[in-house]
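The sequence and the structure are shown first, and the description follows.

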Protein chains: 2
Amino acid sequence: MLGGGDDAAVVRARAVCVTSVDAMVEGVHFRLGEGWATPEEVGHRALAGALSDLAAMGVEPGEAYIVLGLPRGFEEADALALVRAADELALRTGAAIAGGDVVGAPVLTVAVTAVGWCEEPSAPVRRDGAEVDDLVGVTGSLGAGAAALAVFEGRAGATPAAAPALARARAPLPRLREGRALARAGVHAMIDVSDGLAADAAHLARASGVRLELSLQALPLHDGVREVAAELGRDPARLAAGGGEDYELCFCVAPARRAAVERALRDAGCQAPSWIGEVRAGAPQARFSDERGDAVRLEGYEHRWR
Amino acid sequence: MLGGGDDAAVVRARAVCVTSVDAMVEGVHFRLGEGWATPEEVGHRALAGALSDLAAMGVEPGEAYIVLGLPRGFEEADALALVRAADELALRTGAAIAGGDVVGAPVLTVAVTAVGWCEEPSAPVRRDGAEVDDLVGVTGSLGAGAAALAVFEGRAGATPAAAPALARARAPLPRLREGRALARAGVHAMIDVSDGLAADAAHLARASGVRLELSLQALPLHDGVREVAAELGRDPARLAAGGGEDYELCFCVAPARRAAVERALRDAGCQAPSWIGEVRAGAPQARFSDERGDAVRLEGYEHRWR
């Protein structure tokens, strides 16, 4: 950053600018208070959500700008804690909070603009490049968001077994290193799993005009998701596919590049991906099948902590 | 824009990126409904506020990103009208709406990120460069925001005489051409008058570590401000100095550059500026004097339509 504290922030640019905007609103995207989110978690998650979009484009994070809408009586210390948590996540991910604004609002509102950079206009990975016969992969593990929601809403207990899912949901990490490695490895299309794999895979399918055939069995489940699903009497993979805010990356790549993808992730110090399906011609949608290969219909999705 | 409709917008960059974020919240910055703001005016004013920050930096506008927080029951047609009005202002000013997001919110909330570009890191005009003996100038005319607020709140009548002030307040124009011309003419410091001249001149004074001596008599008043002030029993210049959301530019420039500033504005097809004071050494503040040269204390300021 060349200058802040003025009407606008001034930064040196690189060739191509990639910008994502996002907002989190109390009562819609989170609740504050005992057993729900802390101000720190809200700050972390708001920035994580915006950075996750940059991860899905495969670009390097640059600056973030935060507009805080503070309700009357919201403690200054809590506002500072929120911003500090976002700042810590920025430091960890190579981003920098370069500006922002504070306004009054009826409920806590956090709007984040995240800016990433790359050298070539063709470098950012879009949603619309999936090709028939591509493999579909996903980073990390799914289901922590849905499991945590069940606990926060009192539908499942905050048992020790659920703790890893809760911890992850409270502080998701945008997959920026993974996104850049996958872009370098030549993936055709990529999206971040913010609305839930079922919804986001469908977004990618529609943008690319292809069908994604996905295997429920192949979904990587976060620690604790099985236990929470058992308590809910739910199939854990269905819970994970329907749940949002996991912030993993779902991508499509030519089968011949499978080893290159695995190597690129390993070289970047990232976890191996899970291969969860294939791209087929057909009506643009994401179709899940169960262990017997039968199509499974996932009803809606359960995201957002409301 | 190279690509939209993805996780993020992709644009070709220029050398230096200048970013401003801003938000308007129903009940805090505007009210909707009969006699108050329409969705179109909200969209226009939200973008105008963000672009005005770029005008004050003297840079060219580029992309704008809009996050809409929509309350339950807010009509889709109204949301589209809001965005269309912002889009029209973008077209008029050389900006482009390149992306956005829609979330739920308890009240209508519009967060805008405006991005401007220039070629040199030193080109953006900051608030902190005012020098002792500089002249202080202001573009256009002041007071429409304060006069309109009085009418909207029912403290003054919506008379024909007040109409020009109302029209201006409903659709303020960010002074982008003026800002670029003033930057080219070598002004030392600049700020946009969004919180009111008294407040914003004080911001500039503090950032620059100087005192601004301003003459109430010299303030350019928008048509209709005198009439509304008379109805309120107020001095029109004091009303204008205290009122916000006029979105004019206040700038400081070496006395020797006065003619160059006037020429630059004329060449850009802009109105002549008003010269409203001088920069002096002393405690950093903005001091107004009346027609007798006596210091005037302006109590607070009346901005924000609440």
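The structure described here is a predicted model. In general terms, two copies of a chain are related by a rotation about an axis and a shift along it.

## Extent of the interface

The contact between the chains involves 52 residues of chain B and 52 residues of chain A. Together the two chains bury about 3,700 Å², and 59% of this area lies on carbon and sulfur atoms. Within chain B, the residues that lose the most area to chain A are D6(B), D7(B) and V21(B), which together account for 17% of what that side buries. The size of an interface is often expressed in this way, as the accessible area lost when the parts come together.

## Polar and charged contacts

Across the interface of chain B and chain A, the rule finds 11 residue pairs in polar contact, both residues being at pLDDT 80 or more. The elements giving two or more residues to the side of chain B that touches chain A are strand 1 (9-12), strand 2 (16-25), helix 1 (39-57), strand 3 (60-70), strand 4 (96-104), strand 5 (109-118) and strand 7 (189-192) of chain B. Strand 2 of chain B gives the most to this side, with 9 residues. By class, the side of chain B that touches chain A holds 30 nonpolar, 9 polar and 13 charged residues.

Side chains of opposite charge can pair when their charged atoms come close. A search of the whole structure finds 38 salt bridges over all chains, and across the interface of chain B and chain A the rule finds 4. One salt bridge links D6(A) with R127(B), with the closest N and O atoms 4.0 Å apart. Another links R127(A) with D7(B), where the closest N and O atoms are 3.0 Å apart. R127(A) lies in the loop between strand 5 (109-118) and strand 6 (135-138) of chain A, while D7(B) lies in the segment before strand 1 of chain B, so this pair joins two chains.

## Strand pairing between the chains

Strand pairing also crosses from one chain to the other. Strand 2 (residues 16-25) of chain A and strand 1 of chain B run antiparallel and are joined by 4 bridges. Within this pairing, V18(A) has V10(B) in strand 1 of chain B as its bridge partner.

## The sheet of chain A

In chain A, 7 strands form an open sheet with mixed pairing, in the order 7-9-6-10-8-11-12. Strand 7 (189-192) and strand 12 of chain A stand at the edges with a single partner strand each, so one side of each is left without a neighbour in the sheet.

Strand 8 (residues 211-215) and strand 11 (residues 285-289) of chain A pair in the parallel sense over 5 bridges; here L214(A) stands opposite F288(A). Strand 11 of chain A also pairs with strand 12 (residues 295-296) of chain A, in the antiparallel sense over 2 bridges. In that pairing F288(A) stands opposite V296(A), and S289(A) has A295(A) as its bridge partner. The hairpin of strand 11 and strand 12 of chain A has 5 residues between the strands, and in it G293(A) takes a positive phi near 85°.

## The sheet of chain B

Chain B has an open sheet of 7 strands in the order 7-9-6-10-8-11-12, with mixed pairing. Its edges are strand 7 and strand 12 (295-296) of chain B; each has a single partner strand, so one side of each is left without a neighbour in the sheet. Strand 8 (residues 211-215) and strand 10 (residues 274-280) of chain B run antiparallel and are joined by 4 bridges. L212(B) stands opposite V279(B) in strand 10 of chain B.

Note on methods
Residues numbered from 1 in each chain as written. Chains lettered and ligands numbered in written order. Predicted model: local features only at pLDDT ≥ 70, side-chain atom pairs only at ≥ 80, totals over all residues. Heavy atoms only, no water. Pairing = 2+ DSSP bridges. Contact = heavy atoms within 4.5 Å. Buried area = accessible area lost by both parts, 1.4 Å probe. Salt bridge = Lys/Arg side-chain N within 4 Å of Asp/Glu carboxyl O. Polar contact = N/O pair within 3.5 Å; in protein donor to acceptor, adjacent residues only side chain to side chain. Nonpolar A, V, L, I, M, F, W, Y, C, P; charged D, E, K, R; others polar.
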